Structures are given as C-alpha cells and as structure tokens.
Amino acid sequence: MELLKSHNPATGDLVGEVPITPVDQIPSFVARARSAQPGWEALGAQGRANVLRQAAEIFAERAEEHGRLMSAEMGKPLKEATGEAKSLSRMDHELQEMIDALEPEVVEDGRLRSTVYRDPLGVCAAITPWNFPMAMPSWMVLPALMAGNTVVFKPSEETPLSGQAYADALNQVLPDDVLLVVHGADAQGKSLVRSDVDMIAFTGSREVGKHILREASGDLKRVVLELGGKDPLVVLADADVEAAAKFAAWNSFRNAGQVCVATERIFVMDDIAKEFEEALGRVASAMKLGSGQEDPDVGPMVNARQRDHVLAQLQAAVEAGARVVAGGDGHRDNFVTPTVLADVTDDMDIATRETFGPVACVTRVSSEDEAVERANDTRFGLGAVVYGGDEEKAGAVARRLKAGMVGVNRPPGGAVGTPWIGARESGFGFHKGKDGHRQFTQTRVVTHKL
Ligand code: NAD
C-alpha cells in the first residue's frame, strides 16, 4: 500500500499519512456512490438537511482539533484555521437556503401550467485545493449532497488529513457510501474526471480547470469551476489612506497570500501614492512571521515549489525595476517575508500570473480611467476592490471592473445568499446563493394544459 505523507511546511515534521487510492480502484468508488444515490435522494431535501444538521454539532465540537490539524498541515495561523473550522458548524441558514432552492416552482402562462423540478444529477466528483482545506470541500460537498447527489471527494494531496477529517465528521451521520474519499494527486484527479461521474465540482488553478473542462466535454459532464485570480485593488484619491493600506496588507498577507481573492495588484492614484506606500510598508514591516501553531501574522508557504515560484517572481520584478518598500529580504525554509513592491509595471510576471504569496504590488496611476483600464487588463476576473471616500463614486468605478465580485471599501465577497463567482477565466459556473446551489441539480420541466 502506497502512502501519502503530509508534512508541516513550517517544521518539516510528519503530520500523518493516508493510503493513496490506486487509480484502477477509482471506478469502483464511483460505482458504490452510484448504488447509494437513490436511497439518499429518497430522503427528500428536508430529510437530507435533517441528517446533515447533525454534523454541525460534530464540527462545533471538533473545531479546535480541526483548526490545529489544518494549521499543522498547510501552515496557516492557528486563529485563521480555527475560524475556518468553526465556520463549518454554521450550516443552518445555508441548509434552509438549499431547501428553498430545490423547491419545485410552478409557472403558468394562461394556457399551460409547468412545474420546474430541481433533481439530483447522480454522482458528483468534488476536487479541492489546499488553501482552505475544509472550507473548500464544504462549499462543494454540502450543496452536492443537499441536491440529492452522492459524492466522491478528492482532497488536495497537500492536505489529505484535513480532507479526511472533514469527510469523517460528515460520515458519522451520513448513510454508507453517500460520501467517499479518494486520496492522491493529479493522477487520481484525472481518473475521477474520466470516470462515470455525472458532475465535476472543482476548485483550484486555472490551468487544471481548463484541463478538466476539456476532459469533461467528451460526454458533456456538468462542470463547475472556481479558479484563480489576479485581483486588483483600486485606491481613489479621496480614499481613507490608512484604511486602504490596512485592507491591502490584510488581503495580501493573510494565509501567506494563498487566497484566491487575495489582493495581487494595487492601483493607487498619484496624489496619495507615497502616503499609501509608506502606510502599507509600515503594516507589512510589523508583521510577525512564524509557524502556524505559534499563531503568527503570516505563516509559511505551503511547500518549497510555491515558495520558489513567489521568490522567482519577486526577483524578476526587482531586476526589472520594481522598488522594495518593505520585506524583500528573501526567505528562511518555506517562509517568505511579507513584501511590498512599488513601481510594478504591467509587463512583469508578478503583475500578470497569479502569485499566491505574501506580496503586495503597487502601481501608481494618474486617473480613474487608467486605473480601470489597467485593473481590467487580465484574463482573470475573480474579485476586485475599490477604496474611495465617496461611496457612490467608488461604486461607479466598481461597476466598471470586470470581476465577478467587487467590494467597495470592503473585501469582494457578497452578502449571505449571493453567488461566489469568478468572471472570465476565473470560473465556469459558480457556488453559493440559490442559483449556485441549483448548479448541482438537473432542471426538469413537466407541463400540463390548463
Ligand atoms: P491545483 O489546480 O493544482 O489542484 C487542485 C486539485 O486538483 C488538487 O486536488 C489536485 O490534486 C487536483 N488536480 C491536479 N491536476 C488535476 C487534473 N489534471 N485533473 C483533475 N484534478 C487535478 O490547485 P491548488 O494549487 O491546490 O490550489 C490553488 C489554486 O486554487 C489557486 O489558483 C487558487 O486561486 C485557486 N482557488 C480558487 C478558489 C475560488 O473560489 N475561485 C478558492 C480557493 C483556491
């Protein structure tokens, strides 16, 4: 039996191991999930919610333990990890929203009466990244199950223990084979995509997302992709500079920058640029770097490959003329010092490819039009943020940004009940909100004469 070993990126210590699922066994996992599906569907939406609600208590009881595990496995600060673990227990509102989303709708036009049903698709594959090792699975597994599908879940090879712990908690309340876990890396992911599943819900990189979409096209499997980003932050001349800098630091450095909606490009108006760069530099310089378990401000990168990618982008940017405002003094093991770069130009690799590291890149602009044009100059379109003193004016700039989610004087994520959605190459389909939940269903319409 081949084992997948999980190491703490801060210390190199072995956290644990799981058996790798042999690729040739993956079809049998899908077959088991398919056999379990009719029984799960037969419970109805309320019945399924009643089962899943019991898991909320388990997640609440294990929040500290799950937080410690995620922090050890991928390095995020303990407080962030525990916050993520606690969020799993708050499912009541969302379960109700899912029940509402699945409720049949009757539509009449004076001649006909149609009922629109939202039925399960069958078996759903859920393939997840490592940066939010329990929240990302939850965002896909919960709506997939609530819709009456059974699920074969493949956690990231970087965080198999957290993925397994997530599934173990749910499996304490779920019937057999409704949620199955396969472990491994891209070979297992590819095999799952090619298998007899009806739907693939994927969160991860744009490149892998494109590969999955191509592979799924052969038999038109349903696909939902939540991908990477290169999110801009636009700081207008009338912005509260301290608040904007504080936000920029938080959203560039939390989870060591390994967040899909991290601020990756900052466009700041000339008039306030110096003040903004200094304020951001001050916050960055004060940040404490350390092992996730010590609850620092910034933990390690998830692995050496990710660290090397960030360091290579930083070095190339500095060689091409970017100015180091804070940090920039390299790394120790998997730790990268939180770094602020100014005078970043659009042609630099760090301005175009996703960085996914603790780096804030500042570019000065001379007009709102220039800020909007340069912010939109990307194939990505996940989140964006505008800071400005006049909410209405900042809102008008926000409307011109071609991202799926735009925050005004706040992070990009929307109110509860709204979609989590990437535009352009940041996504295909989406999650959350009633419309997001319905992506895990097959719509069917039955019509009678009136
Ligand atoms: P990744 O694409 O390398 O891997 C994601 C998952 O896909 C892993 O489980 C991996 O084993 C599997 N995989 C790899 N190759 C595969 C293939 N060919 N077929 C099927 N599965 C395959 O991504 P990652 O490095 O784990 O995560 C970081 C990325 O995720 C970043 O780009 C980030 O922006 C993105 N992300 C997006 C969101 C969002 O909501 N849009 C949220 C979190 C992370």
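Select helix H1 (residues 26-42) and helix H2 (residues 44-61): they pack with their axes 7 Å apart, at an angle of about 100 degrees. Helices here are DSSP runs of H or I with at least four residues, strands are E runs of at least two, and both are numbered from the N terminus. Axes are lines fitted to C-alpha atoms, for helices over the stretch in contact, and angles run from 0 to 180 degrees between N-to-C directions. H1 and H2 are therefore roughly perpendicular to each other (65 to 115 degrees; under 35 is roughly parallel, over 145 roughly antiparallel, the rest oblique).

Before moving on, a word about the model. It is predicted, so local features need pLDDT of at least 70 and side-chain atom pairs count only at pLDDT 80 or more, while totals for chains, interfaces and linings use all residues. Residues are numbered from 1 along each chain as its sequence is written, and side-chain values use heavy atoms, with hydrogens and water left out.

H1 brings Trp40, Glu41 and Ala42 to the contact, and H2 brings Gly44, Arg48, Val51 and Leu52 (contact means heavy atoms within 4.5 Å). By class, that makes four nonpolar, one polar and two charged residues. Nonpolar covers Ala, Val, Leu, Ile, Met, Phe, Trp, Tyr, Cys and Pro; charged covers Asp, Glu, Lys and Arg; the others, Gly among them, are polar.

Next, pick Ser191 in helix H8 (residues 186-194). At 8% relative accessibility, Ser191 counts as buried (under 20% relative accessible area; exposed is over 50%, partly exposed in between, with a 1.4 Å probe and protein chains only). Leaving aside neighbours within four places in sequence, Ser191 touches Val23 and Ile26.

Jump to Asn131, in the loop between strand S5 (123-127) and helix H6 (135-146). This residue is buried too, at 5% relative accessibility. Its contacts beyond four places in sequence include Met74, Lys76, Asn255 and Phe356. Try the distance tool on the last pair: Asn131 and Phe356 are 225 residues apart in sequence, yet 9.8 Å apart in space, C-alpha to C-alpha.

Arg400 counts as partly exposed, at 38% relative accessibility. Apart from neighbours within four places in sequence, Arg400 is in contact with Asp369, Val372 and Asn376.

Two backbone stops follow. Asp333, in the loop between strand S13 (331-332) and strand S14 (335-336), has a phi near 50 degrees, a positive value in a residue other than glycine. Asn409, between S18 and strand S19 (427-428), also has a positive phi, near 55 degrees.

To find the largest, select Pro232, Thr378, Phe380, Gly381 and Ala403, the closest to its centre among the 15 residues that line it. Strand S10 (231-235) and strand S17 (383-387) are the elements that give two or more residues to this lining, which divides into six nonpolar, four polar and five charged residues. A cavity is a set of points on a 1 Å grid over the protein atoms alone where a 1.4 Å probe fits but cannot get out, and lining residues have an atom within 4 Å of a point.

Technical notes
On a 1 Å grid over the protein atoms alone, a cavity is a set of points where a 1.4 Å probe fits but cannot get out, and a pocket is an open set with protein on both sides within 12 Å along at least five of seven lines; lining residues have an atom within 4 Å of a point.
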